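Here's a quick briefing to read with the structure open beside you. Take it one topic at a time and try to find each piece as you go.

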Amino acid sequence: MNYHKNLIAAGLLAAAALMAQTAKAPYTPPKTPWGDPDLQGVWPGNMGVPMQRPLNQGARATLTDEEFAKKQDQAKKQAQADSESTAASDSRVGIGPPSYWTERGKPTRQTSLIVDPPNGRLPELTPEAVKYRKEARGGKGLPGAWSGNADSWEDLNIYYRCISRGLLGSVIPVVYNNGNQILQAPGYVVFRNEMIHESRVIPLDGRPHVNPAIKMYMGDSRGHWDGSTLVVETTNFTDKDAIGSNGAGYPGDPGYHSDQLKVTERFTRTSPTHMDYRITVDDPKTWVKPWTILIELERNDDYQILEYACHEGNYAMTDILSGARDAEAAKKISK
Amino acid sequence: MRVLLTTSTFLYISAAFLNAQTAAYRAPRLAGHPDLNGIWEAVNTANWNLQDHPASPGPLWETGAIGSVPPGRTVIEGGGPIPYKPEALAKQKANFASRRTEDPEAKCYMPGIPRANYMPYPFQIVETPKDILFVYEFASSNRLINMGKPQEAGSDTWMGTNNGRWEGETLVIDVTGLNGLAWLDRNGDFLSDKAHVVERFTRTSRDTMSYTAIIEDPSLFTKTWTISMPLYRHVEKDAQLLEFKCTEFAEELLYGKYRKGGEK
């Protein structure tokens, strides 16, 4: 009898051990001196995963071995091309940054940043949002990609204007200056973004949000710990930036959001060098249901965050506007 | 004899310890160092003018008393004046004359060091067990203080290259690599890209901290000079920095002449 009991117990133990091996054991990060999970470090964004999944990949969240090998091969060729043209412009029209600025990112198997809905695609816009996008600014539309219409700076998006990229625009990977840094002090976590120098100071003491009358591009963030995961809820957004790369609302990006936006971020360290960064976007005025993106962050202690003095060096704004006025004057003379 | 000596030595040490306790505040500790975490702000008129100054009108009569200059006493140790060389003084005067449009504050540019610390906006010190981040409300500017091995300045920047170290109760920050474009106040006082600023932050009570900045810039000044002021901790419930992205408020000033149809 006893022998049988022991045998069963041994069998259960073996099964448990096997399960622990197959289901990845959760990583427990080190603790700060005051006992919070320690997420500190530089965690640059990684370029190369599209926001929405190509339709032909359906519900497949990861690339096949063949697709991944192809992507790695492309990355290798791109790196070679970059190294051969360090001083050349990266853009066909000759105004892009030189290729040595460019952060191409490490190829990953993720098929889209959007992981929910399961098809990796944005949910439908609400009828209200469709109407707003069409009729915004007297039918001129929202300033996304700049299309040459530059009557004033207000025709250009907030990224061109160096105001901010908004909370999501500051973390969705782009071609350069993807530096993100997490710092912690007792009762606070700071999420710092390199481009346009944002430092979001997030209190962890459970205080309420500020009054809804106070609207901010980066919103009002409150954090708490769910085990070793940092959960940050942000409200009090303006409706003046967009969701997508650089908060600019370029075509193809999720685009405009309303001031009813609520963003929930979950930062989970999965190993000494990796962190899952999940962001749920809930804006009932804009999308019919919430959606979630996943950005896999890899720690890089050698990445140096530099001062990105965007507005201070915004010669482009002067050039774009004065160029538009010169072009108008030239047209008048030729008439 | 031996016992007596030991006792008197003990008494002597105790007295010295007590003196030190009453004379100097010992800050709470974080990872063994003084804990400077908090939201701080200067309460003075240094951002209008570092030197003694009477009340005066502002650069725009249209804003009435709102835009005028509050009177204030100097924050310069020894009383000033700022020891400008003659050509630097001429530049300060020219700056003052064009302050409405040329003060980097009007343009919403990063304020530089030391000005960021005494603008009429709060800033938060985020002290971690390693490095220290200063987050300023004005223009979302910030600077990371490297508390590790000192780093040489790379490119010049608005907020400088900041190397910090602890000297007892004091955080000492050595600032180099400033770009020389920032002003020190609305009076047109300024630094060049040769400036070297040494800042000292020492907590003096639960809610106060002393701030000094030693300013060295042989290209502009005949000698080193020092500003000094208290900083106050925000004690209101749930104090937090809010967003002051002033770029939008400066666009008409900066680009208005390029607007279609001209300035508003």
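In this predicted model, 9 residues of domain 1 of chain A are in contact with 9 residues of domain 2 of chain A. Sorted by class, the side of domain 1 that touches domain 2 in chain A has 5 nonpolar, 3 polar and 1 charged residues.

**The domains of chain A**
- The domain assignment gives chain A a domain 1 made of 41-58 + 113-325, and a domain 2 that covers 63-109.
- If you mark the C-alpha centres of domain 1 and domain 2 of chain A, you'll find them 24 Å apart.

- Count up the secondary structure of chain A and you get 5 helices and 12 strands.
- Chain A has 335 residues, and 30% of them count as buried.
- Now take the contacts in chain A between residues at least 6 apart in sequence: 61% of these join residues at least 24 apart.

**A four-strand sheet in chain A**
- Chain A has an open sheet of 4 strands in the order β1-β3-β4-β5, and the pairing is antiparallel.
- Which strands stand at the edges? They are β1 (41-42) and β5 of chain A, and each has a single partner strand, so one side of each is left without a neighbour in the sheet.
- β1(A) and β3(A) run antiparallel and are joined by 2 bridges.
- To see one of the pairs, look for A:Gly41, whose bridge partner in β3(A) is A:Ile182.

**Strands around β10 of chain A**
- On one side of the story, β7 (residues 229-235) and β10 (residues 262-269) of chain A run antiparallel, joined by 5 bridges.
- A:Thr234 has A:Val263 as its bridge partner in β10(A).
- β10(A) also pairs with β11 (residues 274-282) of chain A, again antiparallel, through 8 bridges.
- That A:Val263 turns up here too, standing opposite A:Val281 in β11(A).
- Getting from β10(A) to β11(A) takes a hairpin of 4 residues.

**Helix α5 of chain A**
- How far should α5(A) span? At 1.5 Å a residue, its 20 residues should span 28 Å, and the end C-alpha atoms are 28 Å apart, which agrees.
- Is α5(A) well covered or hardly covered? It's hardly covered, with a count of 1 buried residue among its 20.

**Where chain A meets chain B**
- The contact between the chains takes 35 residues from chain A and 31 residues from chain B.
- On the chain A side, the elements giving two or more residues are β3 (180-185), β4 (188-193), β5 (198-203) and α5 (315-334).
- The most come from α5(A), which gives 5 residues to the side of chain A that touches chain B.
- That side of chain A divides into 18 nonpolar, 10 polar and 7 charged residues.

**The largest nonpolar core**
- The largest nonpolar core has 93 residues, and the ones touching the most other members are A:Val190, B:Val126 and B:Leu133.
- Strand β5 (residues 132-136) of chain B gives the most to this core, with 5 residues.
- As a general background point, nonpolar side chains tend to be buried together in soluble globular proteins.
- Leaving aside neighbours within four places in sequence, B:Val126 has contacts in both chains, including A:Leu183, A:Tyr188, A:Val190 and A:Val201 from chain A, and B:Asn37, B:Ile132 and B:Leu133 from chain B.

How values were computed
Residues are numbered from 1 along each chain as its sequence is written. Chains are lettered from A and ligands numbered from 1 in the order in which they are written. This is a predicted model: local features need pLDDT of at least 70, side-chain atom pairs count only at pLDDT 80 or more; totals for chains, interfaces and linings use all residues. Two residues are in contact if their C-beta atoms, placed from the backbone, lie within 7 Å. Ala, Val, Leu, Ile, Met, Phe, Trp, Tyr, Cys and Pro count as nonpolar, Asp, Glu, Lys and Arg as charged, and the others, Gly among them, as polar. A nonpolar core is a set of buried Ala, Val, Leu, Ile, Met, Phe, Trp, Tyr and Cys residues joined through C-beta atoms within 7 Å. A residue is buried if 20 or more other C-beta atoms lie within 10 Å of its own, exposed if 12 or fewer, and partly exposed in between; C-beta atoms are placed from the backbone. Two strands pair if DSSP finds at least two bridges between them. The expected span of a helix is 1.5 Å times one less than its number of residues. Domain bounds come from an automatic or database domain assignment.
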